[in-house]
Amino acid sequence: MFNIDNQSRDWRICILVEGQFDAIAIGGCAYMGSTILEEQAIVLSKLYKKIIVVPDRDKTGMEVCDRALELGYSVSIPDWSDDVKDVNDAVKKYGRLSTLLSIIQSATTSKIKIEMTRKRFK
């Protein structure tokens, strides 16, 4: 888990992303792979925070949505423009605060809503 040590006790949310640059850009954690491993889920559970997974906007990224729901996490697929491929791109285009706000506002645990949104990226 990249950046797990930088999660403040005062924060109520942990944003979980695929890569290190995304995690740095947003102040979140990165699972650094194609899925969230069981060991990583155990570490995240010790944070006692709401976990919001923000997948990369590609086929591999969208596949992590099912794993996130299995673990009881929220998934956020904000309505960013087509040239934004991940959180780092969003921060560059929209700024950190606007990106954070869009992630939080788009977070859901609704499997139907997630499925409808991620169809755009398969």
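A disulfide is a pair of cysteine sulfur atoms within 2.5 Å. The views below come from a predicted model.

**View 1**

View 2. The closest cysteine sulfur to that of Cys29 belongs to Cys14. The gap is 3.6 Å, which is too far for a bond, because a disulfide needs the two sulfur atoms within 2.5 Å. Cys29 is buried, with a relative accessibility of 0%.

**View 3. Cys65 is in no disulfide.** Its nearest cysteine sulfur is that of Cys14, 16 Å away. Cys65 has a relative accessible area of 0%, so Cys65 counts as buried.

**View 4. Asn3 has a positive phi.** Most residues other than glycine have a negative phi. Asn3 is not glycine, yet the phi of Asn3 is near 75°. Look for Asn3 in the segment before strand E1, which spans 13–17. Is Asn3 buried or exposed? Asn3 is buried, because its relative accessibility is 15% and the cut-off for buried is under 20%.

**View 5. Met32 has a positive phi in a loop.** The phi of Met32 is near 50°, a positive value in a residue other than glycine. Met32 sits in the loop between strand E2 (29–30) and helix H2 (38–45). Met32 has a relative accessible area of 42%, so Met32 is partly exposed.

Notes:
Residues numbered from 1 in each chain as written. Predicted model: local features only at pLDDT ≥ 70, side-chain atom pairs only at ≥ 80, totals over all residues. Heavy atoms only, no water. Helix = DSSP H or I, 4+ residues; strand = E, 2+ residues; numbered from the N terminus. Buried < 20%, exposed > 50% of the residue type's maximum accessible area, 1.4 Å probe, protein only.
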